[in-house]
Amino acid sequence: MEWMERILADPALPHAFLGWLILVNSLAVFFFFRHCAARAILAAWLANLLLLDMVRANGVTSLSHMLLWTPLLAWLVWRNPAFDLRSPLGLWLVVVFASDLVAISVGYVSLFQENTNGPPILAGL
């Protein structure tokens with residue numbers, strides 16, 4: 001698992017993943033007028049930006065994962081239990097769900113690492 005440690009130690013990885021999240025979540029504007037899930041994702045995305053802009057402190061990323069993204073993903077699963085991969089909306093929802101699930105997982109790990117004395121995963125953000 002040495003290769004995994006080298007990949008995770010790369011300082012460009014969090015920024016590249018953050019760019020990916022920005023791109024994937026921002027694609028909600030293309031589905032905004034016709035689909036409720038896109039409106040919810042865009043609302044959470046804008047609320048996340050507002051929260052990060054207002055607080056501007058370390059650890060807010062993890063807090064936004066708990067307050068905004070975890071309930072959103074739970075709602076997406078509850079509201080859309082089966083995503084249709086044949087449609088652009090379904091494919092986009094699967095990509096958003098998978099990407100945000102990884103971000104939430106990293107956020108929770110980072111939060112627990114910040115509460116211990118280890119270096120936070122998202123320290124570079």
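Author: The expected span of a helix is 1.5 Å times one less than its number of residues. Helices (H or I, at least four residues) and strands (E, at least two) are DSSP runs, numbered from the N terminus. This is a predicted model, in which local features need pLDDT of at least 70, side-chain atom pairs count only at pLDDT 80 or more, and totals for chains, interfaces and linings use all residues. Residues are numbered from 1 along each chain as its sequence is written, and side-chain values use heavy atoms, with hydrogens and water left out.

Reader: How do you know that the length of helix α2 agrees with its number of residues?

Author: Helix α2 covers residues 12-26, and its 15 residues should span 21 Å at 1.5 Å a residue. The end C-alpha atoms are 21 Å apart, so the two values agree.

Reader: Which residues of α2 are called buried?

Author: Buried means under 20% relative accessible area, exposed over 50%, and partly exposed in between (1.4 Å probe, protein chains only). Pro-14, Leu-21, Val-24 and Asn-25 are the buried residues of α2.

Reader: What puts them on the same side of α2?

Author: The arc is that of the directions from the helix axis to the C-beta atoms. These residues cover an arc of only 95 degrees around the axis, and therefore lie on the same side of α2.

Reader: What is the secondary structure of the protein as a whole?

Author: The protein has 5 helices and 0 strands. Of its 125 residues, 29% count as buried.

Reader: What makes a set of residues a nonpolar core, and which members of the largest one touch the most others?

Author: A nonpolar core is a set of buried Ala, Val, Leu, Ile, Met, Phe, Trp, Tyr and Cys residues joined through side-chain atoms within 4.5 Å. The largest has 19 residues, of which Ala-28, Ile-41, Trp-69, Leu-72, Leu-76, Trp-92 and Leu-93 touch the most other members. At least two residues of this core come from each of α3 (36-55), α4 (60-79) and α5 (88-115).

Reader: With which residues is Leu-93 in contact, leaving aside its neighbours within four places in sequence?

Author: Contact means heavy atoms within 4.5 Å. With those neighbours set aside, Leu-93 is in contact with Ala-37, Ile-41, Leu-76, Asn-80 and Phe-83. Ala-37 and Ile-41 are among the buried residues of α3.

Reader: Where is confidence lowest, and where highest, among the helices?

Author: The pLDDT is the predictor's confidence in each residue, from 0 to 100. Helix α1 (residues 2-9) is lowest, at a mean of 57, and α3 is highest, at 84. Over residues 118-125 the pLDDT is below 50.
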